[in-house]
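This briefing sets out selected computed features of one structure. The sequence and coordinates are shown first, and the points are grouped by topic.

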2 protein chains.
Amino acid sequence: MTWEEKVGQLGGIRRLAETVGGKVSYNETSFEEIRKTQNGQIGFGAPQNYAHDLLPIANRVRSEQINNTRLGIPYITIADSVNGLMISGGTMFPGAISMGSTWNIPLYEQAIAAIREENIAMGTHWVLSPEVDLAKDPRNGRNGEMFGEDAYLVGEFAAHYINTMQEKDANGFVKVATTIKHWVYGSSSGGVNTASIQGGLNHILNDMGAPYVKAIRESNPLSLMVSYASVDQVPMSMNRYLNKKILRDLLGFKGLIMSDAGSIRNMYTQAKVATSFQDAGLKAIRGGLEHELSPRPPSVYPTLINSVNDSEVARLIDDSVRAILAIKFATGMFDLPLPSVENLNATLRNEKHLEVNRNISREAIVLLQNDGTLPLRQSSASRVALLGPYADVLNTGQYAANNASDPSYGSTFRRSLERQLGAENVKFVAGVDILSSNDSSGIDEAVSVAKEVGLAVVVLGSGWGSFDNSYESLHRTDGEGFSHPDLGFPGLQQRLLDAVLDAGVPSILVLSGGQTFLLNESTKRSKAILLHILFGAVNPSGKLTMTFPEAEGAFPVAYDYFPSDDEGGFGAATEYDWHLPELTRYAPIRFGFGLSYTTFDISSTSLRCRTNSNSNNSSSSTADACSEDGQVTVTATVTNTGSVAGKEVVQLYFRPEYTQIEFPVMKLIRFEKIDVAAGESKQVDLTVPFQELGYFIDGEWTVEKGLYNFWVGSSSRDEDLQSLNATLA
Amino acid sequence: MTWEEKVGQLGGIRRLAETVGGKVSYNETSFEEIRKTQNGQIGFGAPQNYAHDLLPIANRVRSEQINNTRLGIPYITIADSVNGLMISGGTMFPGAISMGSTWNIPLYEQAIAAIREENIAMGTHWVLSPEVDLAKDPRNGRNGEMFGEDAYLVGEFAAHYINTMQEKDANGFVKVATTIKHWVYGSSSGGVNTASIQGGLNHILNDMGAPYVKAIRESNPLSLMVSYASVDQVPMSMNRYLNKKILRDLLGFKGLIMSDAGSIRNMYTQAKVATSFQDAGLKAIRGGLEHELSPRPPSVYPTLINSVNDSEVARLIDDSVRAILAIKFATGMFDLPLPSVENLNATLRNEKHLEVNRNISREAIVLLQNDGTLPLRQSSASRVALLGPYADVLNTGQYAANNASDPSYGSTFRRSLERQLGAENVKFVAGVDILSSNDSSGIDEAVSVAKEVGLAVVVLGSGWGSFDNSYESLHRTDGEGFSHPDLGFPGLQQRLLDAVLDAGVPSILVLSGGQTFLLNESTKRSKAILLHILFGAVNPSGKLTMTFPEAEGAFPVAYDYFPSDDEGGFGAATEYDWHLPELTRYAPIRFGFGLSYTTFDISSTSLRCRTNSNSNNSSSSTADACSEDGQVTVTATVTNTGSVAGKEVVQLYFRPEYTQIEFPVMKLIRFEKIDVAAGESKQVDLTVPFQELGYFIDGEWTVEKGLYNFWVGSSSRDEDLQSLNATLA
């Protein structure tokens with residue numbers, strides 16, 4: 001390969017097509033211009049483009065590349081794939097935060113398998129997912145793309161995403177390569193997407209980097225994307241220490257490392273830690289970055305061509321070319337035929353995928369509050385006043401196709417309800433706009449319709465505001481590029497809700513969005529509060545994966561804070577009476593919590609230890625001596641004490657009694673979702689090797705001896721947990 | 001010395017006396033019990049105790065210790081001293097954040113000299129101040145004890161505090177030893193006082209630790225207090241790396257290192273990183289802590305007596321004894337006579353101190369908004385409706401004497417105004433309570449009085465709520481132990497203000513407190529907004545040292561954010577149009593800003609470089625080549641273009657064009673406050689050695705070559721600054 005050919009592999013053409021005047025437009029001039037210097041991969045471009053329009057264009061340029069270039073090295077097609085195809089026309093699954101709320105790993109695997117098949121049908125064999133960042137800052141506009149606030153849960157979903165996507169086909173090819181991202185990111189300044197992080201290796205490895213540790217150990221992501229963040233003032237796109245010393249050497253990551261979109265350029269244009277584009281490129285490749293994502297010019301890696309006489313740079317370019325070629329070989333890019341329109345038609349939104357989507361959507365619903373009003377009976381609630389702007393919006397997040405104006409691509413809450421009750425029985429009034437607006441003129445009508453009908457379902461939220469907005473449109477209030485400096489509902493939505501509640505109309509509040517909201521005292525007057533769209537005969541079984549803050553500034557709010565965080569401020573007054581709290585760190589609407597239409601009793605909990613070879617059982621729930629190479633099993637019996645079938649998530653948390661450096665008050669370590677018929681009991685065994693109960697001290701994995709506390713139950717709330725102990729000898 | 005005598009020096013008796021039934025009570029039993037094992041220093045106890053009551057008790061126990069113990073090693077008397085004596089009876093200066101707002105270092109030195117003399121009159125020769133933490137989280141309840149958000153300004157005030165307190169007397173004794181604190185602390189989780197910090201050495205040395213670097217370089221604090229925080233999961237009370245490697249070896253700190261109150265105990269009881277009190281003590285002394293502050297039992301260091309056979313521990317105990325004895329020798333504890341009641345009477349609140357207090361209080365006033373309503377003229381504003389609960393509260397912060405129920409110890413805003421206008425002309429209605437309360441019954445009366453008078457002064461705030469509350473009382477909304485999960489005015493104060501403004505009464509809003517508040521659109525309808533109590537014939541000259549956030553969650557908000565923090569969220573939309581901001585990082589009511597009754601013009605700005613030996617002048621305002629061992633001088637002419645005399649603060653900011661790791665968008669590096677008569681012009685020269693313009697990379701001080709940007713002007717707002725360049729060759 002010539003140096004030009006090598007450097008070309010280090011980038012790609014992110015936007016195969018744009019939408020111009022509502023139609024897909026392939027811009028050959030722009031494509032060919034970029035292609036001269038960046039030709040490793042191609043991407044589809046704006047999400048409002050339709051799959052069926054794009055496939056012929058993609059096939060044409062891919063075929064041309066294979067047949068009409070000197071070496072015939074194929075492109076690999078790359079795309080984001082958070083909760084479906086990023087382009088329009090595929091099955092739109094719920095956002096990652098919603099799928100996380102199912103706590104149902106086997107069901108999630110089915111969804112990812114469906115998403116994988118739809119990607120393959122488009123010829124996409126490399127996805128820029130999963131996102132394993134921890135949703136710990138409620139202000140962050142990307143929380144909807146993440147699975148939740150807990151490192152174990154996030155790592156568990158991520159590992160299954162990766163293993164499912166990267167399943168091998170009959171020829172031994174990886175079906176779809178994955179990209180774990182954003183290394184590393186979390187709790188950034190102001191909740192801002194690209195902002196700085198303060199760093200600290202213990203914090204990185206034990207908290208925001210922990211999903212990487214788990215995913216790398218349990219799956220094998222073929223690539224990784226760095227974050228936009230500066231960590232301790234060093235941008236990740238040039239962070240040799242974290243990319244090489246920690247990620248490669250300590251954690252053993254073997255895949256390709258890529259930039260985030262434009263993040264190498266940012267070092268020069270934004271963070272000003274490079275004196276030119278070329279300097280930024282050199283710092284990036286020396287910092288471990290083997291590939292550049294650059295959705296629009298200028299790109300930086302083409303400037304590396306000027307440095308090929310530098311033997312270090314030349315070697316790094318060679319390594320980088322090897323890294324992308326390894327992915328192309330692994331995924332069969334040199335061997336597989338281009339995808340057919342017939343297969344596309346048979347795959348996208350086929351009945352099997354839609355069925356999986358219905359199942360996972362149902363399990364993603366979280367019931368937060370219910371005074372018995374739910375479930376509604378059609379006999380007594382034959383007519384409904386449906387209020388709020390999010391009642392008629394498909395709010396599936398930023399990295400899902402957002403050109404859903406054709407009803408055949410999905411039903412809004414309104415359309416679903418109309419199908420069930422008859423359109424004439426659903427009185428819909430948006431009342432207010434989804435955006436910040438001072439127009440309150442629709443509120444009176446909403447209130448009078450609510451009064452007339454006598455039952456209101458109010459759907460409020462944040463996210464994508466209208467069907468016809470384009471990617472660049474301002475018709476959204478959430479997503480990448482947004483940070484929420486207040487945590488209320490955007491615009492006048494709260495005023496609409498207050499007005500309906502003030503009028504005394506029994507109301508069910510449905511929250512739609514990828515974030516947590518501040519639920520104030522007024523809001524809590526609602527008869528029932530449901531998180532995520534959907535409503536019906538399904539018994540809710542979702543559990544929160546993000547804790548709801550109790551006040552605008554009451555964060556970080558994740559359940560796994562440090563013991564010392566809970567005193568001297570938000571903290572509950574303890575023996576030291578001069579700590580005068582306004583609020584405790586312990587938020588009641590917290591991680592793992594969610595109601596059902598039935599009730600569950602968790603009983604007969606016990607704990608036993610076992611060494612790897614011989615079993616040394618003990619069913620005592622008190623301290624029990626265990627050995628370091630053994631495992632602990634916590635057993636619990638779940639009884640459905642209500643009158644309808646339901647699903648319960650049994651959750652296991654732990655904490656060593658003493659640790660050498662501070663350790664969170666509790667950490668999730670296992671969970672299992674089970675289906676229990678009314679009156680039925682089921683036993684759940686949750687087993688954890690003791691070696692998994694450690695933590696990093698200055699990069700060294702450390703498992704404490706001594707007393708361990710375990711808690712098992714149905715949420716992270718004190719009242720939902722039972723405690724057990726074990727002693728590691 | 002016996003081991004018991006040695007270990008005894010490592011602690012003290014923090015509370016010499018308590019207040020029981022409103023009277024000072026010396027509890028001999030409790031004192032003697034603690035004294036058996038902890039007898040290095042003594043403190044006075046609760047701040048509502050009066051100096052005149054305490055001195056005889058203190059003298060009695062000090063005399064007894066010198067005369068009736070085997071070795072006769074004297075106690076040293078220790079006290080907090082943020083803005084005056086911590087006990088009652090002294091001159092109550094404005095809080096640290098207010099004194100910082102004067103930007104007047106010579107005046108601040110006068111205040112500290114007065115505070116020093118009052119401490120000496122009480123026999124106090126060791127203070128637990130200054131606090132050099134950066135006030136970067138608006139939620140933190142201790143911001144009022146700090147100087148502001150900027151490391152240079154904080155370091156400047158701290159160095160002058162230390163040098164003034166530690167001035168030597170005629171015998172060569174240090175007058176009062178100081179304690180720089182809390183190493184290290186800032187941006188802790190949730191804005192909570194004792195909570196965790198994420199760490200990262202660059203962040204520590206360049207940001208929250210930077211005032212230590214400056215203060216240690218420019219003064220010589222004889223002691224240092226660690227923070228409650230865990231930094232990257234390691235509590236500071238056992239943090240060998242930061243206390244020894246960084247503080248001692250890298251920064252060269254030579255003084256005594258002490259715990260914060262109870263912080264060693266917390267390692268066992270709270271953070272659970274120690275298995276017992278004794279284990280906590282061993283970890284602390286090995287972590288570099290030479291002295292334990294323990295306001296109440298149990299103390300930890302007495303348990304060290306069990307470990308004196310361990311040669312490492314024995315050596316550390318010896319080092320620790322040497323450290324406190326060095327302070328006692330330096331401050332003349334073995335030589336000076338005990339203080340007399342006559343000198344106490346002549347010193348506390350003497351006319352000279354009160355005059356300094358009046359001067360610094362006047363300069364601490366910051367005028368934030370004024371449509372011309374201010375200054376009021378007595379002719380046209382002979383009567384005033386004085387509203388709001390803080391109009392009749394002396395709100396001097398937590399670490400100042402708070403038993404100010406005797407009017408002779410200070411005048412509230414109400415009393416001052418009554419003196420000026422006549423009591424019959426000041427119609428005072430509190431309207432609402434200072435605490436969270438649902439009682440809005442007083443608002444109607446406040447509005448009707450405001451309407452009747454036609455001019456309202458509304459004093460709102462947060463802090464200490466009543467004159468007669470005790471230290472443990474709940475009658476406060478700010479101070480240590482508080483974090484503010486929302487940034488509005490506590491209780492119904494906003495409702496009171498809104499009602500008065502809704503009624504159309506011209507209103508002047510006065511903010512009282514040690515924090516920033518969210519000033520919403522309603523609030524900004526006020527005719528004028530003043531920060532800090534006081535009002536009158538003085539021309540305001542204070543400047544903010546903390547930026548005001550624009551929304552509840554819009555923080556960190558300090559002016560010196562990183563360039564990459566300002567994009568992708570709060571950030572202004574730049575060339576990348578898909579960043580959709582709700583708010584910019586750049587808050588308009590920002591660091592360095594404050595209005596005057598006159599106007600200033602800053603002109604004829606120029607920049608010149610000079611090497612250390614020969615001068616190489618150039619008055620060009622464009623790029624100019626400077627040498628590394630030289631200095632840069634920025635010159636500006638300040639003209640008072642209004643009709644009254646006033647004071648202006650000329651501020652110099654800088655930033656290297658490119659840096660190796662991320663550097664803030666700008667940093668303050670010099671300031672000077674000048675007094676300019678109406679129509680007069682004055683020239684200001686601000687000189688900085690280039691060596692001071694560096695930053696730490698992994699512990700190494702680095703001064704960049706190349707282009708530097710400087711900005712000079714009257715605030716950190718873009719419109720108040722003029723830019724100049726220099727090139728370091």
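Does E33(B) count as buried, partly exposed or exposed? With a relative accessibility of 48%, E33(B) counts as partly exposed, where buried means under 20% relative accessible area, exposed means over 50% and partly exposed lies in between (1.4 Å probe, protein chains only). The model is predicted, so local features need pLDDT of at least 70 and side-chain atom pairs count only at pLDDT 80 or more, while totals for chains, interfaces and linings use all residues. Residues are numbered from 1 along each chain as its sequence is written, chains are lettered from A and ligands numbered from 1 in the order in which they are written, and side-chain values use heavy atoms, with hydrogens and water left out.

**Surroundings of E33(B)**

- E33(B) belongs to helix 2 of chain B, residues 28–35; helices (H or I, at least four residues) and strands (E, at least two) are DSSP runs numbered from the N terminus.
- The side chains of E33(B) and K36(B) make a polar contact at 3.1 Å. Such a contact is a pair of N or O atoms within 3.5 Å; within protein, one must be able to donate a hydrogen and the other to accept it, and residues adjacent in sequence count only if both atoms are side-chain atoms.
- From E33(B) to T303(B) the C-alpha separation is 15 Å, and the two are 270 residues apart in sequence.

**Nonpolar cores**

- The largest nonpolar core has 248 residues, of which W183(A), F710(A), W183(B) and F710(B) touch the most other members. A nonpolar core is a set of buried Ala, Val, Leu, Ile, Met, Phe, Trp, Tyr and Cys residues joined through side-chain atoms within 4.5 Å.
- A second, separate core comprises 32 residues, including V432(A), V458(A), V505(A) and F517(A).
- Residues in contact with F710(A) (heavy atoms within 4.5 Å) include L607(A), V632(A), Y653(A) and L724(A), leaving aside residues up to four places away in sequence.

**Disulfides**

- Over all chains, a search of the whole structure finds two disulfides, each a pair of cysteine sulfur atoms within 2.5 Å.
- In chain A, C609(A) is joined to C626(A) with an S to S distance of 1.5 Å. C609(A) is in strand 18 (residues 600–610) and C626(A) in strand 20 (residues 625–626), 17 residues apart.
- C609(A) is buried at 3% relative accessible area, and C626(A) is buried at 3% as well.
- In chain B, the sulfur atoms of C609(B) and C626(B) are 1.5 Å apart. The torsion about their S-S bond is about 40°, so this disulfide is right-handed.
- C609(B) and C626(B) are both buried.
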